[in-house]
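User: Hi! I keep meeting labels in structure descriptions and would like to know what stands behind them. Could you go through some with me?

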Amino acid sequence: QVQLVESGGGLVQAGGSLRLACAASGRPFSTYAMAWFRQAPGKEREFVAGILRNDDITAYADSVKGRFTISRDNVKSTVYLQMDSLKPGDTAVYYCAAVSVTYRDSNLRRTETQYPYWGQGTQVTVSS
């Protein structure tokens, strides 16, 4: 199992940048695929970005393509979400999630029910 703690959220002006981090406890971190989800007020939780055991396979929601970048550092047991050109519509609670996968698994899971491990969330607020 793995425990996840998000950080890096806050208040930023539109057009600005934030980098979220998700620190994992428990081992082995490198055997987990990781993802970021977000939930805005009055909205359902949605998939934002995902990454497999290596950073060469990633996926993004259409709404964040070209603006967000997911990456991982297996030495630090941390996954990141670099968010650039932020919009007010990006305002949400951002959650880190993990699921155990094999090295050759190329299936990027995009549904929250497919992730058994979750962080507590971090608030991102983008002002206009």
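User: Why are C22 and C96 both called buried?

Analyst: Buried means under 20% relative accessible area, while exposed is over 50% and partly exposed lies in between (1.4 Å probe, protein chains only). Both C22 and C96 fall in the buried class. Before we go on, please note that this is a predicted model, in which local features need pLDDT of at least 70 and side-chain atom pairs count only at pLDDT 80 or more, while totals for chains, interfaces and linings use all residues. Residues are numbered from 1 along each chain as its sequence is written, and side-chain values use heavy atoms, leaving out hydrogens and water.

User: What makes C22 and C96 a disulfide?

Analyst: A disulfide is a pair of cysteine sulfur atoms within 2.5 Å. The sulfur atoms of C22 and C96 are 2.1 Å apart, so the pair meets that rule. The count by this rule is one disulfide.

User: Why is the disulfide of C22 and C96 called left-handed?

Analyst: The torsion about its S-S bond is about -80°, and therefore the disulfide is left-handed. C22 sits in strand β3 (residues 18–25) and C96 in strand β9, so the pair ties together parts that are 74 residues apart in sequence. Strands (E, at least two residues) and helices (H or I, at least four) are DSSP runs, numbered from the N terminus.

User: How do you know that D90 and R38 meet in a salt bridge?

Analyst: A salt bridge needs a side-chain nitrogen of Lys or Arg within 4 Å of a carboxyl oxygen of Asp or Glu. For D90 and R38, the N to O distance is 2.9 Å, so the pair qualifies. D90 lies in the loop between β8 (78–83) and β9 (92–100) and R38 in strand β4 (residues 32–39), so this pair joins parts 52 residues apart in sequence.

User: Are R38, D90 and E46 buried or partly exposed?

Analyst: R38 has a relative accessible area of 6%, so R38 is buried. D90, at 2%, is buried too. E46 has 34%, so E46 counts as partly exposed.

User: Which residues are linked in a network of salt bridges?

Analyst: R38, E46, R67 and D90 are. In one of the pairs, E46 meets R38 at 2.8 Å, N to O.
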